[in-house]
Amino acid sequence: MSRAALLVLADGRFPAGGHAHSGGAEAACKAGRIHDAATLEDFCRGRLHTAGLTAAALAAAAALGLDPAVLDAAADARTPSPALRTATRRLGRQLMRAARATWPAAELDALAAAFPRGAHQPVVLGVTARAAGLGPGDAAHVAAYESVGGPATATVRLLGLDPFEASGVLARLAPELDAVAARAERAALRARSQGPDALPAASSPLLDISAEVHADWPVRLFAS
């Protein structure tokens with residue numbers, strides 16, 4: 001297991017396309033639900049325990065070697081918003097390009113061939129982690145971190161929030177992030193014998209509704 005590979009995969013400069021997405025923060029800022037560090041922390045905590053948990057478990061399951069086509073269908077069922085399904089497949093396609101260039105592997109090639117328009121990003125993330133020699137816990141941590149790191153970075157741009165405050169939010173959430181990643185890994189281990197129904201399906205209706213509203217904006221800074 002390469003800890004250096006984990007750092008590369010989790011690095012915000014890894015060209016996986018995440019910088020173009022706010023994880024719902026843009027819509028939340030416009031609606032006034034995020035307006036300072038405290039409300040950013042509330043938003044990120046809610047996202048971590050819902051969308052973050054679901055993505056982390058899917059990524060961990062893919063890193064364990066579960067059938068990515070089955071996991072992609074499970075991800076689809078857990079993403080009721082058409083706008084979010086489009087966004088996560090777009091992110092999956094971009095991550096696939098970066099992953100195949102960085103860690104060439106037959107599993108990545110097979111997934112790219114099976115989903116030419118892009119598999120869901122957490123599934124691609126898990127297969128990428130596997131190709132990089134990482135384990136399910138690593139994949140879960142990256143997915144969980146992405147669920148809060150993206151909105152925190154976006155809010156700095158959207159509100160001019162002090163980046164030190166945004167970093168403080170992420171530091172305070174670190175223990176919860178570890179707990180979510182551990183829960184996701186346990187669910188992925190159960191899914192090996194019980195199937196994808198053992199994976200979390202935590203819902204966040206407001207994120208889904210906001211994503212649909214955001215997709216209709218004629219002008220926006222972020223793709224999602």
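Author: Start with a term: buried means under 20% relative accessible area, exposed means over 50%, and partly exposed lies in between (1.4 Å probe, protein chains only). Helices are DSSP runs (H or I, at least four residues), as strands are (E, at least two), numbered from the N terminus. The model is predicted, so local features need pLDDT of at least 70 and side-chain atom pairs count only at pLDDT 80 or more, while totals for chains, interfaces and linings use all residues. Residues are numbered from 1 along each chain as its sequence is written, and side-chain values use heavy atoms, with hydrogens and water left out.

Reader: How many of the residues of α3 are buried?
Author: Helix α3 covers residues 37–64. The helix is mostly covered, and of its 28 residues the number buried is 22.

Reader: At which residue does helix α3 bend?
Author: The bend at a residue is the angle between two fitted axes, one for the seven residues ending there and one for the seven starting there. For α3 this angle is about 45 degrees, and the residue is Gly-52.

Reader: Which residue caps the N-terminal end of α3?
Author: A polar contact is a pair of N or O atoms within 3.5 Å; within protein, one must be able to donate a hydrogen and the other to accept it, and residues adjacent in sequence count only if both atoms are side-chain atoms. Here a side-chain oxygen lies 3.3 Å from the backbone nitrogen of Ala-38. That oxygen belongs to the capping residue, Asp-36.

Reader: How far apart are the closest N and O atoms of Arg-45 and Glu-41?
Author: A salt bridge is a side-chain nitrogen of Lys or Arg within 4 Å of a carboxyl oxygen of Asp or Glu. Arg-45 and Glu-41 both lie in α3, four residues apart, about one turn of the helix. An α-helix has 3.6 residues a turn, so residues three or four places apart point the same way. The pair forms a salt bridge, with the closest N and O atoms apart by 3.2 Å.

Reader: Which helices hold Asp-76 and Arg-89?
Author: Asp-76 forms a salt bridge with Arg-89, the closest N and O atoms being 3.3 Å apart. The pair ties together parts that are 13 residues apart in sequence, because Asp-76 lies in α4 (residues 68–77) and Arg-89 in α5 (residues 82–102). The helices are therefore α4 and α5.

Reader: Which residue meets Glu-107 in a salt bridge?
Author: Glu-107 is in helix α6 (residues 106–114), and its partner, 23 residues apart, is in helix α7 (residues 121–131). The N to O distance is 3.0 Å, and the partner is Arg-130.
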